[in-house]
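Student: Could you walk me through this structure with some questions and answers? I'm new to this, so please keep it simple.

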Amino acid sequence: MLTRRTLLRLAAGASVAGTLRPARSVAQDAAWSKVIEAAKKEGKVVVYNGAVGTPALPKLASAFEAKYGIRVEVLEARASELRERIRTEQASGKVLGDVSHNGSTTTALQLTDGTFQPHGSLPNAGRPVAPFAVDDHRVPIYVIPYGILVNTDMVKPSEEPKSWKDLLDPRWKGKILSDDVRALGGGAVFFMVSTQKMGKEFHEKLAQQGLHMNRELRGNYPRIARGEYPVYVPFTLPDTLDLKGLPVKAILPTEGLPYVRFDGAIFKGAPRPSAARLLLDFFLSDEGQLAYANLAFMPVVGGLESKIAGDARGLVSEMKPKLLGTTDPKLQDEMLKLAKSIYK
Amino acid sequence: MTTREAVLHPVRLWSGRVWGRHAALGLLLIVVAFLTAYPLAMLVYGSLHSTPPGAAGVFSLDGYRAMLTGANGLVLVNTIGLSLVKTGLAMVLALFLAWIVARTDTPCRDGLEVMITLPFYIPPILTAMAWGMLATPKGGLINLAWTGLTGSREPLVNIYSYGGVVWHMMQYSTPFLFLLMVGAFRSMDPSLEESSRMSGASPWTTFRRVTLGLMLPVTTSAFLLSFIRGVESFESALIFGTPAGIEVITTEIYQLIHHASTPDYQQATALALGIMVLMFLLVAWQWTLLGGRSFFTVTGKGYRPRVARLGRWRWVTFGFCVLFFVVTVVLPVGQLVVSSFFKFFGFYRWNMVTTEHYAAVWNNRLVWRALGNTLLLGLLGATATMFLGGLIAYVLVRTKWPVRRVLEVLAWLPWMMPGMVLGVGFLWAYALMPGPIQLYGTLWALLVAYVTLGTPLAVRTMAGAFAQLAHDLEECSRVHGATWSTTFRRILLALAWPSFAVGWILIFFIILRELSASILLYSVGNEVLSVVVMRMWTEGKAGPVSVIALVMLALVFLFRFAERRLVRTHLSA
């Protein structure tokens with residue numbers, strides 16, 4: 001039972017805490033101001049980007065430059081190439097890159113390699129909403145969910161596959177075009193997540209459908225639009241906005257959407273650590289998140305829906321509650337092996 | 001000592017400067033070793049070590065052990081079979097086209113010569129997309145026409161097949177081989193063929209025994225270059241072979257590097273080095289084939305190449321060249337031109353007509369910066385490579401320097417190594433280079449890599465040309481008091497100028513398209529066009545990529561025109 005004395009003690013404690021919190025906040029603000037000041041002195045930040053060709057990063061870079069006057073230079077290459085580049089740079093002591101912008105699996109593997117340094121405290125670190133969270137080294141930035149693409153001239157609305165399991169219907173035999181599930185990329189993400197959620201039996205049956213697999217992601221959309229195949233999996237859902245005007249439709253399967261997350265982290269030995277830290281924090285700001293969300297990439301921070309522009313807003317809202325799961329770096333090799341054994 | 005001996009033994013001739021000559025040759029060897037042996041040594045290290053250079057690990061033969069499997073044997077047979085078939089077919093086609101252009105009175109030969117070479121300059125990814133649309137079994141335009149005309153339910157062609165891979169590879173091999181051989185056909189002294197005819201040989205026997213016989217250095221070199229390139233080719237196999245279950249060595253290496261959760265550089269480098277050894281055996285076979293024989297076709301005597309009068313058949317040969325042009329250029333390039341004016345590549349509707357791709361390229365600062373860097377690297381790289389290649393070729397063909405075989409091997413090596421692995425070798429070599437010179441992260445890293453990549457082609461081109469030049473030409477110059485450098489420049493290079501120009505253009509465009517090394521060596525501010533094109537392609541911007549390809553084709557016309565003007569001016573002078 002609470003006594004009067006206890007209550008007074010609690011009240012006193014709360015009062016002290018109340019006076020201390022702003023003081024800590026002020027101290028944090030001062031410390032962060034120093035980071036900003038140092039970042040401005042560094043003048044630029046070099047990002048190694050594994051999301052090759054993403055239109056969002058240049059937009060984010062412009063917003064960052066406009067806000068802080070710090071130039072963002074982006075070097076793009078495939079994930080494996082960036083991984084070896086930075087490893088070699090660190091081994092030779094000639095580190096050129098500051099920030100990694102790459103898929104969560106590659107980032108996790110690089111973390112195991114010891115590629116990153118802790119980013120320290122970030123004012124926006126608490127903003128991501130579950131299941132996304134900042135840890136000592138990594139900052140989640142955005143998410144790409146996958147669904148199904150169909151040709152609307154070939155597939156009547158009543159026949160559209162509504163779920164992943166609908167693809168097992170005999171009517172789709174020989175009619176599904178797929179990103180190669182035996183190689184890293186969207187195909188592997190789809191395979192890994194759907195195997196974990198629906199069991200390998202799902203893929204054993206899907207393999208019987210005679211999927212036409214290739215690794216030419218960007219060449220596949222026109223093939224669907226031209227009617228070469230009626231169905232494509234796994235479709236990068238944010239690309240829906242780019243395909244407007246073509247006879248295609250994106251479908252969000254009822255079981256949910258496998259997704260890949262992109263993370264940011266600071267390279268060990270980064271020549272511009274303060275600018276890198278500032279950019280990492282900026283990824284989680286409203287401006288940073290909207291650079292992605294306005295192109296229908298899913299933000300990791302909540303409460304932005306009303307600020308997202310045009311068509312992207314509806315798609316992001318639709319995708320958000322349907323996230324199914326993402327890849328587990330520890331299982332990647334095992335899953336690739338399984339995919340090869342099922343899809344021979 | 002006679003002048004001929006002097007040419008064969010230049011070191012003895014310049015005995016007063018013998019150490020200077022030794023030093024110059026030694027320097028040449030060091031430069032070539034730095035360019036080729038150093039990155040390859042890094043790859044050898046990678047193949048023998050459990051981790052890449054700079055990382056803690058142990059030495060082991062695991063990479064080579066993993067290479068020696070039955071599955072890899074099958075992949076090797078597939079790879080060699082594919083390359084052999086495509087090189088053989090392309091060789092026959094290229095020889096025929098070169099003969100038509102250089103040795104017959106077929107109309108419009110100048111124009112045909114430029115047109116036949118155009119497919120070489122179109123980015124493979126775009127022709128792949130075009131042929132995907134034309135020859136896919138489901139809805140490909142050729143198959144639609146076939147089923148419409150015949151009522152057949154079976155498609156006529158399937159690009160996703162062994163034949164499809166060969167066909168797509170031939171798009172590049174044929175003009176490449178044609179470019180390498182047409183000059184040699186043209187510069188042949190007809191008196192040799194006339195002697196054969198006068199001795200009673202039939203035209204076919206003369207063509208086979210004399211014409212082709214004298215062209216052995218050029219044809220075998222061209223065949224080898226094309227065959228090896230076929231073994232290392234990647235795009236055709238990845239795009240058209242993988243969906244049909246056709247795996248080749250490069251797709252295996254690609255899988256090991258880019259599609260494993262932890263890139264397996266040890267096995268990838270071991271596999272690439274294994275291929276290199278096999279290719280080297282082929283080159284050694286060529287040395288045996290050509291060893292000790294003379295192939296002089298250009299002598300001090302004046303002559304004009306004999307041109308076969310074909311009569312009415314000249315219109316047939318003309319039609320054949322036009323057909324080749326239509327199939328390999330008009331179809332894919334036509335698609336590029338049309339697609340560049342539509343919102344979506346290959347999707348033609350009136351409401352989708354646009355010029356936005358041209359505006360996107362025009363307003364893209366990165367494209368212009370990359371174009372500037374690429375042109376600079378192309379001009380410097382092609383020129384430096386051809387001069388270096390010319391020097392190496394001279395030492396190989398015109399001297400008896402005992403170490404010249406080492407030089408030849410070193411100059412061949414980069415051609416035998418798949419690009420995506422050699423690119424890793426460059427990265428390791430330049431980034432981990434000891435000493436004060438920082439190459440990694442600069443534009444010069446790209447230049448050095450490009451010179452390395454182009455050197456084998458430059459050496460083969462120039463060696464083939466030098467092998468055809470009789471010694472009397474050089475002797476005359478020397479007798480009249482010209483120095484070695486003047487003789488090299490005014491006689492040898494001048495007479496080999498058509499080959500020099502062709503080699504220059506080939507290397508220039510190889511640099512323009514090179515991606516494997518560029519992606520690992522470029523840095524911010526030093527972007528090159530191939531990297532920007534790759535970015536755009538990955539982003540799905542096939543339209544702007546088409547526009548850039550058309551700009552590249554315009555450059556081809558410009559350079560070919562300039563080269564032909566230069567050749568004419570130079571030769572007439």
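Predicted model: local features only at pLDDT ≥ 70, side-chain atom pairs only at ≥ 80, totals over all residues.

Student: Okay, in which strand of chain A is Pro234(A) found?

Tutor: Look along chain A for the strand that covers residues 231-236. The peptide bond from Val233(A) to Pro234(A) is cis, with omega near -15 degrees. The strand holding Pro234(A) is β8.

Student: How many helices and strands does chain A have?

Tutor: Let's take in the chain as a whole. Its C-alpha atoms fill a box of roughly 70 × 60 × 40 Å along the principal axes, and buried residues make up 50% of its 344 residues. For the elements themselves, chain A has eleven helices and twelve strands.

Student: What share of the contacts in chain A with a separation of 6 or more comes from residues 24 or more positions apart?

Tutor: For this one, two residues are in contact if their C-beta atoms lie within 7 Å. Take the contacts with a separation of 6 or more, then pick out those between residues 24 or more positions apart. Their share is 80%.

Student: Now the two chains together: which element supplies the largest share of the side of chain A that touches chain B?

Tutor: The contact takes 42 residues from chain A and 43 residues from chain B. On the chain A side, β2, α3, β7, α7 and α11 each supply at least two residues. The largest share is nine residues, and it comes from α3(A).

Student: How are α3(A) and α20(B) oriented to each other, roughly parallel or oblique?

Tutor: Their axes come within 9 Å and cross at roughly 20 degrees. Angles under 35 degrees count as roughly parallel. So the two helices, α3(A) and α20(B), are roughly parallel.

Student: Which residues of α20(B) make that contact?

Tutor: From α3(A), the partners are Glu84(A), Arg85(A), Thr88(A), Glu89(A) and Ser92(A). The residues of the contact of α3(A) with α20(B) divide into four nonpolar, two polar and three charged. On the α20(B) side, the contact is made by Val424(B), Leu427(B), Trp428(B) and Ala431(B).

Student: What span should α3(A) have?

Tutor: The helix has 14 residues, counted at 1.5 Å a residue. Its end C-alpha atoms are 20 Å apart, which agrees with what it should span: 20 Å.

Student: How many residues of α3(A) are buried?

Tutor: A residue is buried if 20 or more other C-beta atoms lie within 10 Å of its own. In α3(A), the buried ones include Leu82(A), Ile86(A) and Gln90(A). The helix is mostly covered, and the count of buried residues out of its 14 is twelve.

Student: Is Ala296(A) buried or exposed?

Tutor: This residue is found in the loop between α9 and β11 of chain A. With 27 other C-beta atoms within 10 Å, Ala296(A) is buried.

Student: Then what about Cys108(B), buried or exposed?

Tutor: Cys108(B) has a positive phi of about 55 degrees although it is not a glycine. Its place is in the loop between α5 and α6 of chain B. It has 12 other C-beta atoms within 10 Å, so Cys108(B) is exposed.

Student: Last one: is α3(B) oblique or roughly parallel to α18(B)?

Tutor: The axes of α3(B) and α18(B) come within 11 Å and cross at roughly 120 degrees. Angles of 65 to 115 count as roughly perpendicular and those over 145 as roughly antiparallel, with under 35 being roughly parallel. That makes α3(B), relative to α18(B), oblique.

Notes. Residues numbered from 1 in each chain as written. Chains lettered and ligands numbered in written order. Axes fitted to C-alpha atoms, helices over the stretch in contact; angles between N-to-C directions. Helix = DSSP H or I, 4+ residues; strand = E, 2+ residues; numbered from the N terminus. Nonpolar A, V, L, I, M, F, W, Y, C, P; charged D, E, K, R; others polar. Expected span 1.5 Å × (residues − 1).
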